Amino acid sequence: MHKLFSNEKFRFFTKVIAVHVITYTIVTLIAMPLTFNYADSAVELMGFRPLGEISMGAVLIAQIIRGLMLGIVIWWIKDSIIGKKLAWLKLWAILVILGIFNTYGPAHGSIQGLIYLAPIEDMPVSMNLGILETMAQPLLFSIVVTFQRKK
């Protein structure tokens, strides 16, 4: 029986977690000044907490957990994606289709959200650009995770 936690799995999960946390941080730091003004009342209308109320420790722990969950799922499908032609595009499409557009709950930017969420009146255009941040992070993540060094 194959080890539950082999060295290969540990290295893979560690890479995926690290890449997720780093790409999440980079894209967030770039997008925050472009798309969100946390002092703006529109942020509260969307249900976001004021930045001062968010625990950065909780954000880090949440991103590590998200990275681990991504690692588990990508581990299951890695042989059909990683190392193949256009691997980054295939992984990105899976993440965007399942994680953004086709969520089971009514999230902003999803098909369910389009159907069930009422539009927020007077939302600044910059807030609507948040979908670009949501699309950019999995793109950067997919490129880095699927990058293979030639031996």
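Among contacts in the protein chain between residues at least 6 apart in sequence, what percentage join residues at least 24 apart? The figure is 73%, where contact means heavy atoms within 4.5 Å.

The structure is a predicted model, in which local features need pLDDT of at least 70 and side-chain atom pairs count only at pLDDT 80 or more, while totals for chains, interfaces and linings use all residues. Residues are numbered from 1 along each chain as its sequence is written, and side-chain values use heavy atoms, with hydrogens and water left out.

The protein chain has 7 helices and 0 strands, which gives the pattern α-α-α-α-α-α-α along the sequence. Helices (H or I, at least four residues) and strands (E, at least two) are DSSP runs, numbered from the N terminus. Of the 151 residues, 30% count as buried; buried is under 20% relative accessible area, exposed is over 50%, and partly exposed lies in between (1.4 Å probe, protein chains only). The chain exposes about 10600 Å², with 68% of that supplied by carbon and sulfur atoms. These areas come from the Shrake-Rupley method with a 1.4 Å probe, and for residues only the protein chains shown count as cover.

The largest nonpolar core has 13 residues. Such a core is a set of buried Ala, Val, Leu, Ile, Met, Phe, Trp, Tyr and Cys residues joined through side-chain atoms within 4.5 Å. Those with the most contacts inside the core are F12, I74, I82, L91, F141 and V145. Helix 1 (7–35), helix 3 (56–77), helix 4 and helix 7 each supply at least two of its residues, and helix 1 gives the most, with 4. Leaving aside neighbours within four places in sequence, I74 is in contact with F12, I82, L91 and F141.

Two packed helices are described by the angle between their axes and the distance between the axes. Helix 4 (residues 87–101) and helix 7 (residues 130–146) pack at about 145 degrees, with axes 8 Å apart. Axes are lines fitted to C-alpha atoms, for helices over the stretch in contact, and angles run from 0 to 180 degrees between N-to-C directions. Residues of helix 4 at this contact include W88, L91 and L95, and those of helix 7 include M135, F141 and V145. The contact residues divide into 15 nonpolar, 3 polar and no charged; Ala, Val, Leu, Ile, Met, Phe, Trp, Tyr, Cys and Pro count as nonpolar, Asp, Glu, Lys and Arg as charged, and the others, Gly among them, as polar.

F101 lies in helix 4 and counts as partly exposed because its relative accessibility is 34%. Not counting residues up to four places away in sequence, F101 touches V96, G109, S110, I111 and M135. In the loop between helix 3 and helix 4 is L86, which has a positive phi of about 55 degrees although it is not a glycine.
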